[in-house]
Amino acid sequence: MSSTSEAVSPPTLTQNQAFSLPPGHAVCCFLDGGVGLYDLGAKKWDFLRDLGHVETIFDCKFKPDDPNLLATASFDGTIKVWDINTLTAVYTSPGNEGVIYSLSWAPGDLNCIAGATSRNGAFIWDVKKGKMVQRFNEHGKNGIFCVAWSHKDSKRIATCSGDGFCIIRTIDGKVLHKYKHPAAVFGCDWSQNNKDMIATGCEDKNVRVYYVATSSDQPLKVFSGHTAKVFHVKWSPLSEGILCSGSDDGSVRIWDYTQDACINILSGHTAPVRGLMWNTEIPYLLISGSWDYTIKVWDTREGTCLDTVYDHGADVYGLTCHPSRPFTMASCSRDSTVRLWSLTPLITPLQINILADRSWEEIIGNTDHAIAQGTPPLLCGKVSRDIKHEIEKLTGNPRAKKLRWFSECLSPPGGSDNLWNLVAVIRGQDDSLLPQNYCKGIMHLKHLIKFRTSEAQELTTVKMSKFGGGIGVPTKEERLKEAADIHLRLGQIQRYCELMVELGEWDKALSVAPGVSVKYWKKLMQRRADQLIQEDKDDVVPYCIAIGDVKKLVNFFMSRGQLKEALLVAQAACEGNMQTLHVSTPKGSSSSDDIYKEDFKELLRKVSEELAEWYFQDGRAVLAACCQLAVDNTELAMAYLIRGNELELAVCVGTVLGDAAAPATHYALELLARKCMMTPTCFPSVGYRNLAADLLLMTPDNELQLVKLCAFYPGCTEEINDLHEKCKLPTVEECTQLAETAQADGNIFETVKYYLLSQEPEKALPIGIDYIKEYITSSDWTLDTIYPVLDLLSYIRTEKLVLHTCTKARNELLILCGYIGALLAIRRQYQSIVPALYEYTSQLLKHRVVSVPLKIEHLSKELDAWRACTQSVSRSSEESAYTPPSDSQKMVYATLLKRLQQEPLGGIVGPDYVTGSNLPSHSDIHISCLTGLKIQVPKQVAMCFPGLSQVQVAGRGKRQASEPKEPWGRLPLTRPQPSCGSQPAGVFTAGVTMGTRLRQIEGEDVGPEPEGETMDTFFFPIETSLLLLGSVMQSPMPWACDELKRFSWTGLMSRY
């Protein structure tokens, strides 16, 4: 070995690690569901997470002054306080309280929670101090089922118990009233309109109302009607004198205190009712939870159930409304989970009224008007009134503020605040106006270094109480150490360094390495960094920074999933805080520095995109958009919101950002209009029809979109003409004349358009088909030249297409749509459905008598060329070597790409993810109008239907078969796997295969499809749903799935 040969260093081990058993880590699981990874050598946790409750969760409440915190009470004897943005438990009560049935936050900023237990009475827990500060034992050993802290008078707390008493006391323990009941009292609630009024629910089937300002212990009112015990009672926050009660008889009753009567009975639950919650903005909206595992949303005006959710796996006990986001709610259950929900799908017209900038009368109203029969949703609560008051105080154009504030009000938590802060930064808002919590989210890159530097300075002032484990040295071999000393004395510094490396003495080697040369020192630093990266050690950071190897450090962080750290390093390099080390100053060094800057900018872009995509695939499209706004990439930020189906938020943000986001904003408006058209059973109504038209009228060059809306509308001639007038289009009769004139002039597109709007839209079919067939016979045709005509033809309604005279043209339309759909899927990078669409087109060509200029052989060559030229991208390194495409395949693929051209709107490519308030729910059960069977959805495919939308899930649990229905039951359950659809969400079977649907269009008699038939997004040749085809073709395809138009397709439909 020469004196300059490189030594191979041993793995770096601390003294503790050297004596620990390999691999030196222990996986720890805890009774409360927590899990951790403990480093035995370093004596520290590498990973530790407390997952929360493992038993029934009986109650949940948002903190009044900090609604990002949600408290839960459980059978396991603890109260946990959760951060709803991260779904992590940030505080846990001491425990050992028996069962905790109920909790109530103190009003204001007192940071205390009152709890009701099965054996230890009631208590007040100081959350920040982590200790019990007061106990109440007036009920003795009897279990307390409910505790209620008065939010109008913070000194009063009520409890009710199995001993038959409802006791009102002050927080220092002074008893004010003891209301005696003939049986156990299960629920109580303070009136939000009268601080001295409280209602109770009793086992004797009655509801009582007491007035605590008097000395009398007798109730003012007793409401009878339930046929089993009354469990919970809730006063309406908006309608004075209105309260509801839930009972073991399975019903919810609405009582009017002023009329001394029951004004409505809500029937639908099949088991005892437990959770009750009024919405704080819509006065007639009530939500109930039951032992039948469901949550129901009620319109109390008519007593109708608006939606039923089946996602909880056991009894639903607690419901609570977010204080500042009135359409976000939480539920808890015996399945030991807490779930967050969005109610905004129930008020779509209201959202669109805000986006369309309609008058206040169509957005905010008074309670008396809002509860009138037939009145569309109006906001009546404090949050909306405060927004209106603040907007009216603004001077100039308040639209930007109006959109932001209402967006924050209606959107669920999960990044919308962060998004709007970034929008404000991009629009030039002064940094001093940013909220204090801005630095805790995704910051704009111009602030990243500034805020993190400030954070570091703050940390240096904190005296650390304990450092990590001691640093020992590895075992030394005396012979090598002696040899190294000799080499050093002989001046052979490089050999000394190599021996030190072999001994693991990197610090000694690096300290004298500059004696050889700076170049050698840098090389040695690089070797040390490479070794630490291989060992996955955080110690690599200073080495990479010292030698200016930013790329290596960024890649190290990215490989570990530490994308925020990678982003910080890349931005610091872009700002010149990390200089690449030059051994000598070359000529033209300024040019070299410019090259490095460009490299750093490219790194920064790469990291930002990686972080955004990580959030997007994790189901958090809003945070993905934040990552792009942080680097001023408005186009991709809007694309993430649209791809995540956050359409209302996209319109709000795009409107505020202005011209930079205009194309994406207009696109989102088109999609929202289509969403109105797809709303179940609602689109034929004038209200939804006009909403769709108003949205489209807000976009430029909207004529074709308005034509599609009018063609799709299924009303009578008079109603259609009214819609034509609103859309500034000719009447139905005039359209026929215009079509004939355009045909005489040879204007095919205008002919198709006006026939589509006439009383005989089927006349457009042969004209448009012949034009397309003639065009694709030429060698230079492109997708964009024929697609507009084909798109219009796809809006011919089913009842016209099934006419016998349209048989041949209909078959040709199906084939052309299948082929063009495949080309669109290639352009939009929906690789998984491309083969299916090619196969579908080939099957139709094989079995139908048509005269289209397409051959099965040609389709096969195109598909093979596409596969050969794209498989290298999709194959992983572990797979066997692929066969490179042949020259002929390259030529075919090049021709195909030339024909496709580029997607006009940037960023709107690739698979979609159903995210945020649109997460999938197995409650979305719908029956096929064609077969009468339940429509099945592939596992990774998600749909969003108007109704209650699940936002997030925390806790544990999945329903198990034959669970007992015992009150206050306990059953440890397993954790469900969270899912987020990674396939295009518009891709699902309509409960009927392609072949069946084609035979139905032909009028043949076909039987129902097999029960539970589904399709796989990779293997579904002839079973390709027409609904899928319509999604790719950017139209609802009424001719193919008219009966299924009530579906609101997220994912693919939401974009195309």
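In what order do the four strands of the open sheet stand? I looked this up in a predicted model, where local features need pLDDT of at least 70, side-chain atom pairs count only at pLDDT 80 or more, and totals for chains, interfaces and linings use all residues. Residues are numbered from 1 along each chain as its sequence is written, and side-chain values use heavy atoms, with hydrogens and water left out.

**Entry 1: the sheet.** I read the order as S4-S5-S6-S7, with antiparallel pairing. Strands here are DSSP runs of E with at least two residues, and helices are runs of H or I with at least four, numbered from the N terminus; two strands pair if DSSP finds at least two bridges between them. Strands S4 (57-62) and S7 (88-92) each have a single partner strand, so one side of each lacks a neighbour in the sheet. I then examined S6 (residues 79-83), which pairs with S7 in the antiparallel sense over four bridges. Trp-82 stands opposite Ala-89 in S7.

**Entry 2: helix H17.** I checked burial (under 20% relative accessible area, 1.4 Å probe, protein chains only). Eight of the ten residues of H17 (residues 634-643) are buried, among them Met-638, Tyr-640 and Arg-643. Just after H17, Asn-645 takes a positive phi of about 65°.

**Entry 3: Ala-764.** I located Ala-764 in helix H25 (residues 764-776). Ala-764 is buried, with a relative accessible area of 1%. Leaving aside residues up to four places away in sequence, I found that Ala-764 touches Val-752, Tyr-755, Leu-756 and Leu-793, contact meaning heavy atoms within 4.5 Å.

Key: Buried means under 20% relative accessible area, exposed over 50%, partly exposed in between (1.4 Å probe, protein chains only).
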